[in-house]
Every structure is written in structure tokens, then in C-alpha cells.
Amino acid sequence: MSAHSQHRIHRHPAAPWAELRISVDTLACYRAHAHAEYSIGVVEQGQAHFHHPGGPNPVRPGSVVMIEPDVVHSCNPVRQQAWSYRMLFVDAGWLQAAVAGVWGLAQVPQGLHFASRAVDDPAVSAVVDRLCQPVTHAAAAQALAEALPRWLAGCVVAGPPKDAAPVPD
């Protein structure tokens, strides 16, 4: 890992359902793993291999990755070159209820899955770039709580992912 690499975690009490990880100039590699939360992130610098049940996909600056809870994945830098990214982790129950509200559903879906886990589209990247910023005050938390489910309602489908493999022990 570079002597200058940084990993920062941002949380705010007004958004207890969200956590933002900012990794800068990192060479860190991770084995296949899963999270309990939805993960939505953007690559800022460098390149990586994004492995997931529907992949793998190469990712580069501007690439967006979106991962459902309990989906096994890994995302590691290419050729041991440093990369930077921001990843927003969102509580599954909160997000499912918030998207159900956008859709006008009385019943919360038992899961949501992304239409695509890897996206290379400047417009999508710009939206995720705005969403993956540190929450510094209550008004920013409220803005994120409104913008995130409104945008994701057009990117997800009700129901759990059909290609998710069990989490390795």
C-alpha cells in the first residue's frame, strides 16, 4: 500500500442508515466478500477488476458499481496500481422502504436488485458522484435521504437478485 493511501469512513447521526467509505491512492486487495448493506460507488482514479456473479467487469475513472446485500464480490486494482474510489453503504431495510415509498407501494419489497452492477455512463457517474459525498449536517442528510431513493427507484427491480451465490464461510 502506498505510504500516502487513505481510507476514511464518514457517518452522520442524521443519516444513521448510511456510511461513506473514501479510499484514496490504495493498493489494498480484498478476497471475495459480501456486505449486509446496499453498496453504491464510483471510481475516481485508477483501474480495477470488479468480480461479481454477473461479471467480471473492468472499472475505471467514472465507472459506477452497485451491489446488493449478501452478493459476493471483490474489486481489486489492476497490476498493483493505486486507485481511488468512494463507496456508499446503505441499510437494506431503510433503502427498501424508501424506494417502496417512491414507487407508492403499501408493502415493502423483500429485496431490490440492480438492473446492472457495473455502469460506465457519464450521467450515472455524475449522479453517484453527488450521492457519494460526506454528510456534514442534517440538511445534507435530508437531501441524501430524498435524492438517493428517488434516483435508485429507476435503477432497481423489486425482489432479490437471482444470480447471488451464497456467502463463503
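Modeller: Helix H2 (residues 122-131) lies across strand S3 (38-45), S6, strand S8 (83-90) and S10, and runs at about 105° to S3. Helix H3 (residues 138-152) packs on the sheet too, touching S3, S6 and S8, with its direction at about 95° to that of S8. This is a predicted model, where local features need pLDDT of at least 70 and side-chain atom pairs count only at pLDDT 80 or more, while totals for chains, interfaces and linings use all residues. Residues are numbered from 1 along each chain as its sequence is written, and side-chain values use heavy atoms, leaving out hydrogens and water.

Colleague: What makes a stretch a helix or a strand, and how many of each does the protein chain have?

Modeller: Both are DSSP runs numbered from the N terminus: helices are H or I with at least four residues, strands are E with at least two. By that rule the protein chain has 3 helices and 11 strands. Contact means heavy atoms within 4.5 Å.

Colleague: How do you know which strands pair with S3?

Modeller: Two strands pair if DSSP finds at least two bridges between them. S3 has 7 bridges to S8 and 4 bridges to S6, so both meet the definition of at least two. Both pairings are antiparallel. Gln45 stands opposite Ser84 in S8, and Ser39 opposite Ile67 in S6. Strand S6 (residues 64-67) and S10 pair over 2 bridges, with Val119 in S10 as the bridge partner of Val64.

Colleague: What is the strand order of the open sheet of 6 strands, and why do two strands stand at its edges?

Modeller: The order is S1-S2-S8-S3-S6-S10, with antiparallel pairing. Strand S1 (6-10) and strand S10 (118-119) each have a single partner strand, so one side of each is left without a neighbour in the sheet. There is also an open sheet of 3 strands, ordered S5-S4-S7. Its twist averages 25° from one strand to the next.

Colleague: Why is S3 called mostly covered?

Modeller: Buried means under 20% relative accessible area, exposed over 50%, and partly exposed in between (1.4 Å probe, protein chains only). In S3, 6 of its 8 residues are buried. Over the 169 residues of the protein chain, 47% count as buried.

Colleague: What makes a group of residues a nonpolar core?

Modeller: The members are buried Ala, Val, Leu, Ile, Met, Phe, Trp, Tyr and Cys residues joined through side-chain atoms within 4.5 Å. The largest such core has 33 residues, of which Leu148, Trp151 and Leu152 touch the most other members. H3 gives the largest share of this core, 6 residues. Leaving aside neighbours within four places in sequence, Leu152 is in contact with Ile40, Met66, Leu95 and Phe114.

Colleague: How do you know whether the radius of gyration agrees with a compact globule?

Modeller: The radius is taken over C-alpha atoms, and the globule rule is 2.2 Å times the number of residues to the power 0.38. With 169 residues that gives a value near 15 Å; the protein chain has 15 Å, so the two agree.

How values were computed:
Axes fitted to C-alpha atoms, helices over the stretch in contact; angles between N-to-C directions.
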